[in-house]
Amino acid sequence: MIDLRSDTVTKPTEEMRMAAYKAEVGDDVYGEDPSVNELEATAAEILGKEEALFVTSGTQGNQIAVLTHCRPGNEIILESESHIFYYESGAVSALAGVQTRTLPGNRGAMSAEDVLHSIRPEDQHYPETGLICIENTHNRAGGAVIPLENMKQIYEIAKSHHVPVHTDGARLFNAAEGSGLPITHFTQYTDTVQICLSKGLGAPAGSILAGNSETISAARKWRKRLGGGLRQAGIIAAPGLVALTRMRNRLAEDHIHAKQLAEGIREMKGLRVVNEIDTNIVVVDVSETSLTPAEFVDKLKTEGVLAVGFGRNAVRFTTHYDVASNDIERALRKIQAAVK
Ligand SMILES: *Cc1c(COP(=O)(O)O)cnc(C)c1O
């Protein structure tokens, strides 16, 4: 089976398993887990932020950011198909008590002008704008890189209105690799950033939330409130550190594989690649096969390829560490067989 459902399906490498085995640990709620402390310090440095916090998942990192930046009754501005809006079970309203102001994106990027006009002026009728969220790369836009210039414009507008910015950077390292820019170029234009260790970087679990010291102290408390204060968490932080320090450079391979996959699919009748391939995601419209995405996914599965339905007409393929170049060639033959 060639599993292209998500870059979350990677299994930990030998080196990660060894790191877990050998990890020095302590009680992280007391701040005494050396492996967690090393991961957090390293992440803060790589991301160019004062401090970082190891959290259980990307969703937890994003929600802690919203909880930390906002108060109940605030409004947050975010892109209409962003993960925080689309895929986090309504947590921003269920947990943080904020309402959402969604703006349509162009390949996942909100226009700076739309953001500017969505920030609420002071008026007793209005909620206060508590946070602006950016997602880079943008998942539902097919792994699109949000341009640095767009982040800069939004950040400057946010600063001039005293509104914080959070970046859901689950795949921000893919954005850095895809654009050829250092990650700190992106993180300079956000107050907090969440990055997933468990996607393209291949760690078994965990994410990082980074920002200034004051924000991360408050975030630490929210993590505890949410039940995310773990004890000998070094067991999972140690493989996370391997992911963070050893796996970034290999993301380029995933991007090459995604381009290979898209090129092959473009030659197949009935299938249409709908996104430009910036990074590791390929979105394919299957409507001309007269199969629904769910039917197409089932048929692919019988051929030995796993993908996921992605909206009304499309399926998504995601490349990752556990698929090699020859797997892409095999996958293409199987996809071809499924559309025959
Ligand atoms: C996967 C993902 C998340 C959430 O990460 P989990 O670890 O699955 O909770 C958040 N944002 C984006 C853009 C993602 O792709």
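## Exercises on a predicted model

Just after helix H8, Gly-180 takes a positive phi of about 75 degrees. The model behind these exercises is predicted.

**Exercise 1. Which residues of helix H8 are buried, and what covers them?**

Step 1. Locate the helix. H8 spans residues 172-179.

Step 2. Pick out the buried positions. These are Leu-172, Phe-173, Asn-174, Ala-175 and Ala-176.

Step 3. Look at the cover. It includes helix H2 (34-47), H9, S7, helix H11 (234-246) and helix H12 (251-266).

Step 4. Look past the end of the helix.

**Exercise 2. Describe the surroundings of Lys-199, and state whether Lys-199 is buried or exposed.**

Step 1. Start with the record. An unreviewed UniProt entry annotates Lys-199 as "modified residue: N6-(pyridoxal phosphate)lysine".

Step 2. Lys-199 sits in the loop between S7 and strand S8 (207-211).

Step 3. Apply the cut-off. Buried means under 20% relative accessible area. Lys-199 has 13% relative accessibility, so Lys-199 counts as buried.

Step 4. List the contacts, setting aside neighbours within four places in sequence. Lys-199 touches Asp-7, Thr-8, Thr-10, Ala-170 and Arg-171.

**Exercise 3. Classify the pair formed by Tyr-155 and Tyr-189, and say which parts it ties together.**

Step 1. Count the aromatic pairs. The structure holds 2.

Step 2. Read the geometry of the Tyr-155 and Tyr-189 pair. The ring centres are 6.2 Å apart and the planes stand at 55 degrees, so the pair is tilted.

Step 3. Tyr-155 is in helix H7 (residues 148-160), while Tyr-189 is in the loop between helix H9 (183-187) and strand S7 (192-196). The pair therefore ties together parts 34 residues apart in sequence.

Step 4. Check burial. Tyr-155 and Tyr-189 are both buried.

**Exercise 4. Which arginines lie over the faces of Phe-310 and Trp-222?**

Step 1. Take Phe-310. Arg-140 lies over its face, 4.8 Å from the ring centre.

Step 2. Take Trp-222. Arg-225 lies over its face, 4.3 Å from the ring centre.

**Exercise 5. Describe the contact between domain 1 and domain 2.**

Step 1. The domain assignment gives domain 1 (14-246) and domain 2 (250-339).

Step 2. Find the separation. Their C-alpha centres lie 28 Å apart.

Step 3. Count the residues in contact. Domain 1 supplies 18 and domain 2 supplies 15.

Step 4. Take the area. About 1,300 Å² is buried between the domains, and carbon and sulfur atoms give 50% of it.

Step 5. Find the main contributors in domain 1. Arg-107, Gly-142 and Asn-174 lose the most area to domain 2, together 33% of what that side buries.

Step 6. Inspect Arg-107. Its phi is positive, about 50 degrees, although it is not a glycine. Arg-107 lies in the loop between strand S4 (99-103) and helix H6 (112-118). At 31% relative accessibility, Arg-107 counts as partly exposed.

**Exercise 6. Where is Ser-290, and is Ser-290 buried or exposed?**

Step 1. Ser-290 is not a glycine, yet its phi is positive at about 65 degrees.

Step 2. Decide on burial. The relative accessible area of Ser-290 is 65%, so Ser-290 is exposed.

**Exercise 7. Which residues are in contact with Gly-270?**

Step 1. Leave out neighbours within four places in sequence. The contacts are Asp-285, Val-286, Glu-288 and Thr-289.

Methods. Residues are numbered from 1 along each chain as its sequence is written. This is a predicted model: local features need pLDDT of at least 70, side-chain atom pairs count only at pLDDT 80 or more; totals for chains, interfaces and linings use all residues. Side-chain values use heavy atoms; hydrogens and water are left out. Rings of Phe, Tyr and Trp (its six-membered ring) pair if their centres lie within 6.5 Å; planes under 30 degrees apart count as stacked, over 60 as edge-to-face and the rest as tilted. Helices (H or I, at least four residues) and strands (E, at least two) are DSSP runs, numbered from the N terminus. Buried means under 20% relative accessible area, exposed over 50%, partly exposed in between (1.4 Å probe, protein chains only). A charge sits over a ring if NZ of Lys or CZ of Arg is within 6 Å of the ring centre and within 35 degrees of the ring normal. Domain bounds come from an automatic or database domain assignment. Contact means heavy atoms within 4.5 Å. Buried area is the accessible area (1.4 Å probe) that two parts lose on being put together, summed over both. UniProt positions are given in the numbering used here, feature names are shortened, and annotations may be inferred rather than shown by experiment.
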